[in-house]
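Please work through how the labels given to parts of this structure follow from the computed values.

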Amino acid sequence: MSAFRDLGDGDPSRVPTLSPPDASGEMQEFLSTVVKASKLPAKQRGMNVKPAVDQLASLAYDQGLLPTDLIELVKLVTTPSYLDQASIASIIRNLYPATSVDGDLVIKIIGCLGHGKLKPSLTIQAALLKWLIMIQNIVENRNCFLRAYPVLFNLLDTATLRTYVCHLLALITRRRHVRPHRIQALLLLSRQTGNDPALTGLLRVYKDYYPEIIVGDVTRGKALAFNHPDSQWRERLDEIQRAHAQRRTSRSEKPLDAFRVARHRMNGNKNFPIPEVHTSHATERSVTLEEIESVDGFVKTIERIELPNQLISILGDPLLQKLLGLRPQAQAHLRACNWFRSYAQDMMTGESDTRLADILATLKNYVTATKALPPIFLAFLAELLNEWDGVDGREVILDILTYTPLADFQANHMPTHNHVLDFYYETASLSSDAHLLTHAQVPTVPPAILVYSMFFAASPLTASRMCSVVAKYKEGFQIALSVAQINYTPRHITEFNSFLMDICNCLWRQRALSGDDANAKGCMVPQLLAEDLSNYVTSLSIGAPLASLFSLSYSPNFGSFAISFLRGLEEEVEEQDTLGIKHAGPVTKTSLKALANKGGINVSWDDYRRGVLGYLASHDMGGVDHLLFLLDKPHEGTAEWLRAYSKRSSLILQAFIYLD
């Protein structure tokens with residue numbers, strides 16, 4: 001509100017409003033009055049021009065200035081007139097462009113700077129330079145600054161203008177501008193002025209381009225930070241331009257050129273600042289992002305563009321985002337993620353004021369702009385969520401995750417399996433919460449293709465965990481029916497029962513890929529294919545049919561554990577007695593009987609299978625035991641439950657009665 005308080009008779013407590021387009025007539029009326037008054041000495045006007053100036057400044061503050069009005073006002077303050085200095089300064093302070101600024105207007109202002117009778121006073125010139133600094137990022141064609149660089153550089157001799165000139169030069173300097181004669185001039189002027197902080201700051205900009213040339217103590221002194229001169233003015237400008245863009249009904253106006261680096265656009269926030277793009281290590285043959293001014297320049301030099309110092313700038317700079325999108329580099333994203341992680345670690349340890357909301361908001365802005373969430377940032381997000389309370393920033397996190405890339409199905413590997421199973425295990429736990437089930441929809445069971453793919457995965461741990469997930473769902477459904485009295489649709493009943501029956505047929509009943517039993521789907525293997533496989537296995541003469549090759553003894557996942565369990569039993573017996581023969585494997589009911597008759601270990605078929613389940617559980621694969629135990633729930637806690645399975649296979653069907 002500081003700009004409004006400078007309007008004189010205006011009420012500083014008034015809340016500014018954005019006037020509708022028909023207010024332009026009022027603007028023209030006051031503008032015409034002030035322009036006419038500026039051509040006459042105060043004694044010849046016959047009126048007090050100050051109220052008109054205040055009204056004009058107030059309207060400019062409220063609604064902003066369209067290009068024609070802005071041009072007239074710039075002409076008014078840059079040419080000789082009879083207006084007093086206070087009125088001119090008030091007008092300059094309220095030059096809020098509603099749209100982008102034309103480059104010719106910038107040239108006109110720079111042309112009025114310097115010494116001469118027809119030039120504005122140095123105080124007004126300083127105000128104009130400050131205005132150029134504040135609007136330089138909304139100028140349509142920034143080449144105007146580059147063309148005027150020599151003129152601005154020659155103004156460094158003027159002490160009144162030096163601070164703002166250095167600031168503006170620091171913003172527009174490109175490598176092409178850093179020349180030996182300018183370096184020498186800056187060094188000399190810096191010594192003459194006692195290491196002026198503004199000159200030191202500009203020298204540091206020059207040194208970033210050629211660190212091997214600018215050496216010595218001159219850049220080690222106190223340097224000006226070149227922060228935005230008036231943050232409140234900038235915020236008001238942003239409000240005006242947003243409001244004007246919303247009111248605009250025509251698309252005839254040219255949009256801002258997005259092919260240049262972002263400068264002073266409040267990337268991030270005060271607690272989580274994002275460095276601007278700045279490139280130090282460039283060669284004569286390379287190009288820096290700061291030198292790009294248009295899409296043509298970007299396209300022509302894209303292969304020679306040097307990456308900036310701090311790649312975390314990608315989070316706030318659209319041009320850098322375009323570059324790394326077209327020239328992806330894993331190392332670049334890694335550097336950015338390391339910077340990101342350091343802030344997160346400081347936040348977690350309480351060593352900074354950075355908040356989780358600030359980090360997430362910044363990441364959301366990035367993924368929204370790029371429409372992509374690189375794996376390196378996804379990994380960082382996973383690490384960050386370990387400290388998440390599950391509430392703060394939930395909507396932002398969900399927005400970010402919508403950009404998670406989908407993996408190739410052919411790459412469905414163990415880490416991926418683990419993540420999927422983690423998800424379904426947690427989802428399954430919801431189905432066992434009786435209170436929750438009375439208020440929320442019952443979680444849908446995993447799709448069949450997922451269950452069977454995981455069960456037949458080339459990993460015993462994955463297969464066991466899949467059994468555990470199915471068991472967890474079964475527990476939940478039983479609770480839901482008995483306590484919450486949830487009614488399941490026939491589709492849920494049939495689909496889930498098929499999982500139970502098929503898995504039990506594979507592991508326990510030695511009837512793998514069979515669809516003859518009620519609810520069984522043969523693991524979704526077509527019958528003709530199952531018959532072909534069965535004939536092939538028979539031709540191999542391995543002594544076992546296809547239907548038994550997925551049992552505990554023959555399973556590619558669990559067979560080695562089964563024989564290891566039996567070897568352990570044999571070693572225990574040998575500690576007390578000598579065995580006449582050892583089992584060669586795989587173990588079957590028939591082979592166990594024959595083994596005992598030949599002087600081998602004497603163990604029943606049911607005890608063997610029960611022991612294998614326990615052996616798997618001791619090796620972090622208790623999912624199989626978990627599922628099969630639940631299927632015979634009426635015998636829970638007894639020593640004969642596995643034996644009951646072998647003698648009465650009908651119990652398997654009885655386990656499904658509660659779902660029927």
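Q: Why is Thr173 called buried?
A: In this predicted model, Thr173 has a relative accessibility of 1%, and because buried means under 20% relative accessible area, Thr173 counts as buried.

Q: Where does Thr173 lie, and with which residues is Thr173 in contact once its neighbours within four places in sequence are left aside?
A: Thr173 belongs to the loop between H11 and H12, and, with those neighbours left aside, its contacts are Tyr149, Val178, Leu202, Val205, Tyr206 and Tyr209.

Q: What makes the pairing of the side chains of Thr173 and Tyr149 a polar contact?
A: The two side chains are joined at 2.8 Å, and the cut-off for a pair of N or O atoms, one able to donate a hydrogen and the other to accept it, is within 3.5 Å, so the pair qualifies as a polar contact. The side chain of Thr173 also reaches the backbone oxygen of Leu169, at 2.4 Å.

Q: How do you know that the reach of H13 is close to what is expected?
A: Helix H13 (residues 197–209) has 13 residues, and the distance from its first C-alpha to its last is 19 Å, whereas 18 Å is expected at 1.5 Å a residue.

Q: Which helices do the buried residues of H13 pack against?
A: The buried residues of H13, among them Leu199, Leu202, Val205 and Tyr209, pack against helix H10 (149–153), helix H11 (159–172) and helix H12 (180–192).

Q: Which residues touch the most other members of the largest nonpolar core?
A: This core has 77 residues, and those touching the most other members are Ile91, Trp131, Ile135, Leu152, Leu156 and Leu169. Its largest share, 9 residues, comes from helix H8 (residues 122–135). Leaving aside neighbours within four places in sequence, Leu156 is in contact with residues including Val165, Leu169, Leu199 and Leu202.

Notes. Residues are numbered from 1 along each chain as its sequence is written. This is a predicted model: local features need pLDDT of at least 70, side-chain atom pairs count only at pLDDT 80 or more; totals for chains, interfaces and linings use all residues. Side-chain values use heavy atoms; hydrogens and water are left out. Helices (H or I, at least four residues) and strands (E, at least two) are DSSP runs, numbered from the N terminus. The expected span of a helix is 1.5 Å times one less than its number of residues. Buried means under 20% relative accessible area, exposed over 50%, partly exposed in between (1.4 Å probe, protein chains only). Contact means heavy atoms within 4.5 Å. A nonpolar core is a set of buried Ala, Val, Leu, Ile, Met, Phe, Trp, Tyr and Cys residues joined through side-chain atoms within 4.5 Å.
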